[in-house]
There are 2 protein chains.
Amino acid sequence: MNSPSTDFDKFFNPTRIAIVGVSTGDYKFGGSSFLHKLLDCGYPGKIYPVNPRSGEIKGLKIYPDLISLPEVPDLAIVCVAAGLVPAILEACARIGLRHIHIMTSGFKETDESEGRLLEDRITALAAAHDLRIIGPNCMGPYCPSSKLTAWGAIPGLTGSVGIISQSGGLTQRLTEYLASLGIGVNKAVSFGNAAVLDSTDFLEYMAADDGIQVIVMYLESVKDARKLLRMAQSISRSKPIILWKGGDSRAGAATAVSHTGALAGSQEIWTAFYRQTGVIRVQSLNEWADTIMAFSLLPAPRGNGVFIIGGGGGNSVTISDAFSRQGFEVPPLSEDTMNFLRRSVPTAGSIAGNPLDMWRTFTDSVYLAEILELGYQDPAISNIVIDHLIARKAFHFANALDPTPQVIDYLTRRQPAKPTVLTIDTDGGDSELAVAGVRLRTRFCRAGFPAYPSADRAARALGHLYRYHAKIP
Amino acid sequence: MNSPSTDFDKFFNPTRIAIVGVSTGDYKFGGSSFLHKLLDCGYPGKIYPVNPRSGEIKGLKIYPDLISLPEVPDLAIVCVAAGLVPAILEACARIGLRHIHIMTSGFKETDESEGRLLEDRITALAAAHDLRIIGPNCMGPYCPSSKLTAWGAIPGLTGSVGIISQSGGLTQRLTEYLASLGIGVNKAVSFGNAAVLDSTDFLEYMAADDGIQVIVMYLESVKDARKLLRMAQSISRSKPIILWKGGDSRAGAATAVSHTGALAGSQEIWTAFYRQTGVIRVQSLNEWADTIMAFSLLPAPRGNGVFIIGGGGGNSVTISDAFSRQGFEVPPLSEDTMNFLRRSVPTAGSIAGNPLDMWRTFTDSVYLAEILELGYQDPAISNIVIDHLIARKAFHFANALDPTPQVIDYLTRRQPAKPTVLTIDTDGGDSELAVAGVRLRTRFCRAGFPAYPSADRAARALGHLYRYHAKIP
């Protein structure tokens, strides 16, 4: 097989797509829902629906088979029943259509002999006819810049993240999550059972793609672990790879067998994999998104010293705990910084130092900018965390102003060389607080400053960034 | 000193409160903000503002000193400058006012000799005059049923949680958080530097209080660690104690010194403490609230088998991983359960088993109730997790109905003896999704079924509940 470097472009930038297996009856998951979504999101290329019954759908002519199409599509999305898939692949080969996404499930993941035989047949046909096949049992390629967004965030947001995944559902969710915070996805692929193309093929492709700065993976299994290890070792030196390995536990591994039909491998093997490759290990959707945000937006930290700016004694203590648990130091500040703080912080009810416990930072953007400037100058400090408070009834100050616009202005002008993140705690059952929190997070993230809903999550994401750049396994 | 069992009632159910040190100038934190808040929340007792300059505030006469009051208050809230506190305590003793909350800061936590001497003077005066003193440097008592809610959630929600805390800020936040999800607080106390009364005094009081079912603590330090250990060992057998120890890390411990003026103790000591007492260890605000919710709402699990109900292969795998990491099994279901599932689950695209990967559970409340019923009957299952999906554009189903009202109806009628929780993932920057998620969480929690924003958080909270009842340290 050729190197995927340009060959895969047809998956992500197809100008003509055949959707094989569109039902003309009720809207349901499959070929017709893919077709509807592509039209909804304004896909500008040609779409050729295929179904032996012919007719018309959404104003498009339905062709009875691939042979009848007026031109050769760049990509086929195959949504027919599992037993019909081999015949469709043969038809693809006949017309020279080599890029195929098989959405259909019912193969190895069923753990039944019929499914296994059918999947082996797919692998054999691909080898015989030099077909590029994504799947089966997956959602396939996704690319906002081509408006190829039949799943995932619609219309999506283009950016510098590349996603390689064995879960369409988690990837769909991740693209939504990231887009809503202003982080764009360059290309994503949900590749399911990997009967032909596996994670390593997409990794090679995305490593060579200059539009992709951060590579993100969700894997349940891998066909050639040594190859993945070798590639990840080399690629992760220049492009961070953030991997969520599903099936980390015995129960999860057993489930993975029936999800993508492959052995997940033991936890020990994967622990060694992370250590040997420098790949970043995450274990949940939020950790995944939080970490992607840090790698997408922040400069490399030059050290593990963190300056924590906020108010409240308990907050100061517990934010320090959270960052310490992730390997950060909360070092004493320089004499210059302390001299300024001592002048401006009252003796009682506040604490001048690191962490800085000073409620004024919540409401006075000019004061906060002065404090930040000290932090950016202070040689002991390599990272800054700003705890942001949303003023509300329970607090004992009257007319607190929201300093957010001024703080964002300052940070945007300043473009600090030291990673600067915010924590905005708004969890619970208060929907007004939740909306205020989401809006604030979005504003800061879109301005380039990751804002996390808790100190733990901020510390964990920044910890991954620090250890990656410091080459600490 | 007498046992606190009834003596402390005056702290939480005072009918007459003196606020010593109300400024009549601009609204600011201190005596006047306490007074405003008490009036705002409809405190029904008498309030006596005290300030040598006399005058009037919010229609209330200001008395020049405690001696001039027409009757002896049950409680004094002392908000004068630190140096004036000893004289106020002497005045309290003179009129027989023995329950005192000192809000003022500027004592041991300043780490300066003046503050240390002043705090020693408080301790000495309390011993000499048999005074009950909360503080200094704290927010004091909080009790929604008495409308004593000058801080924290206002007006608050009464319930069965008791909170003993060395952080007013974190407790304020916790009461808000819990109230918004329908979990009420019986009594809370923020006790600061503990110059006189310490956590053990409040623990004894709340252990004997039949209105309190779950005891919740935030501690940075303790004066008599052996006493706390002995009491916690005994109390936690019948009432769960959920403790967040601030200053867990070196940096956090150093900060705790300047917050509440006391040594936090090493992490090793506290690890041993948790192991020996059965006290539940939490390390963040969300873990605290999540765990309180589980202990407040759920029955004791009879085992560690969990049935995971949801849809999506990646979700199924990773939710299994999350529960496995917390010591749960995801066991095979009984033959009866499997026979039902095999009949109703299509071969391709779903997985019949545990976890159950079946999108229909997201939209069909009748089907979900049938599945739940099987889980409640299945002997391998002791806990149930329902993954709840909010339908939206990215998904490939057309007219999904929200089954929430029917699901809540069923659960409310059914009153399952097996802990049943929900996960509702709505994180990110989408404010509509966030609001929908918060509203759903609130509805389920208020109906008595904890709903968590992620599988990790659900698993962690349920893990604490399981280990507590199974007596696994």
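Reader: What makes the relation between chain A and chain B that of a two-fold axis?

Author: In this predicted model, chain A can be laid on chain B by a turn of 180° with a shift of 0.0 Å along the axis, and the RMSD is then 0.0 Å. That is the relation of a two-fold axis.

Reader: How do you know through which surface the copies meet?

Author: Of the interface residues of chain A, 99% are also interface residues in chain B, so the copies meet through the same surface.

Reader: Why is the aromatic pair of A:F295 and A:Y468 called edge-to-face?

Author: The structure holds 34 aromatic pairs over all chains. In the one formed by A:F295 and A:Y468, the ring centres are 5.4 Å apart and the planes stand at 75° to each other.

Reader: Which residues form one aromatic cluster in chain A?

Author: One aromatic cluster is formed by A:F8, A:F11, A:F12, A:F191, A:F202 and A:Y205.

Reader: What is A:A455 called, buried or exposed, and why?

Author: A:A455, which also lies in helix α18 of chain A, has a relative accessible area of 15%. Buried means under 20%, and A:A455 is therefore buried. Leaving aside neighbours within four places in sequence, A:A455 is in contact with A:I319, A:A322, A:F323 and A:T423. A:A455 and A:I424 are 31 residues apart in sequence, and their C-alpha atoms are 8.4 Å apart in space.

Reader: Why does A:T149 count as buried?

Author: The relative accessibility of A:T149 is 0%, and because buried means under 20%, A:T149 counts as buried. Its place is in the loop between β8 (140–142) and β9 (161–165) of chain A. Not counting residues up to four places away in sequence, A:T149 touches several residues, among them A:K37, A:L38 and A:C41.

Reader: What makes helix α3 of chain A mostly covered?

Author: Helix α3 (residues 31–40) of chain A has 10 residues, of which 8 are buried. The buried ones include A:F34, A:L35, A:K37 and A:L38. Among the elements that cover the buried residues of α3(A) are β1 (16–20), β2 (46–50) and β5 (75–78) of chain A. Just after α3(A), A:G42 takes a positive phi of about 75°.

Reader: Why does A:E268 count as exposed?

Author: A:E268 is found in helix α10 of chain A, and its relative accessibility is 58%. Exposed means over 50%, so A:E268 counts as exposed. From A:E268 to A:S160 there are 108 residues in sequence and 32 Å in space, C-alpha to C-alpha.

Reader: How are helices α8 and α10 of chain A placed, and what is the handedness of their crossing?

Author: Two packed helices are described by the angle between their axes and the distance between the axes. The axes of helix α8 (residues 225–238) of chain A and helix α10 (residues 267–277) of chain A come within 9 Å and cross at roughly 35°. The crossing of α8(A) and α10(A) is right-handed. In α8(A), A:L228, A:L229, A:A232, A:Q233 and A:S236 meet A:W270, A:F273, A:Q276 and A:T277 in α10(A).

Reader: How do you know that A:R360 lies over the face of A:Y367?

Author: A:R360 lies at 4.0 Å from the ring centre of A:Y367. In chain B, B:R360 lies over the face of B:Y367, at 4.0 Å from the ring centre.

Terms used. Residues are numbered from 1 along each chain as its sequence is written. Chains are lettered from A and ligands numbered from 1 in the order in which they are written. This is a predicted model: local features need pLDDT of at least 70, side-chain atom pairs count only at pLDDT 80 or more; totals for chains, interfaces and linings use all residues. Side-chain values use heavy atoms; hydrogens and water are left out. Rings of Phe, Tyr and Trp (its six-membered ring) pair if their centres lie within 6.5 Å; planes under 30 degrees apart count as stacked, over 60 as edge-to-face and the rest as tilted. A charge sits over a ring if NZ of Lys or CZ of Arg is within 6 Å of the ring centre and within 35 degrees of the ring normal. Copies are superposed by least squares on the C-alpha atoms of residues with pLDDT of at least 70 in both. Contact means heavy atoms within 4.5 Å. Axes are lines fitted to C-alpha atoms, for helices over the stretch in contact, and angles run from 0 to 180 degrees between N-to-C directions. Helices (H or I, at least four residues) and strands (E, at least two) are DSSP runs, numbered from the N terminus. A crossing is left-handed if the near helix is turned anticlockwise from the far one by less than a right angle, and right-handed if clockwise. Buried means under 20% relative accessible area, exposed over 50%, partly exposed in between (1.4 Å probe, protein chains only).
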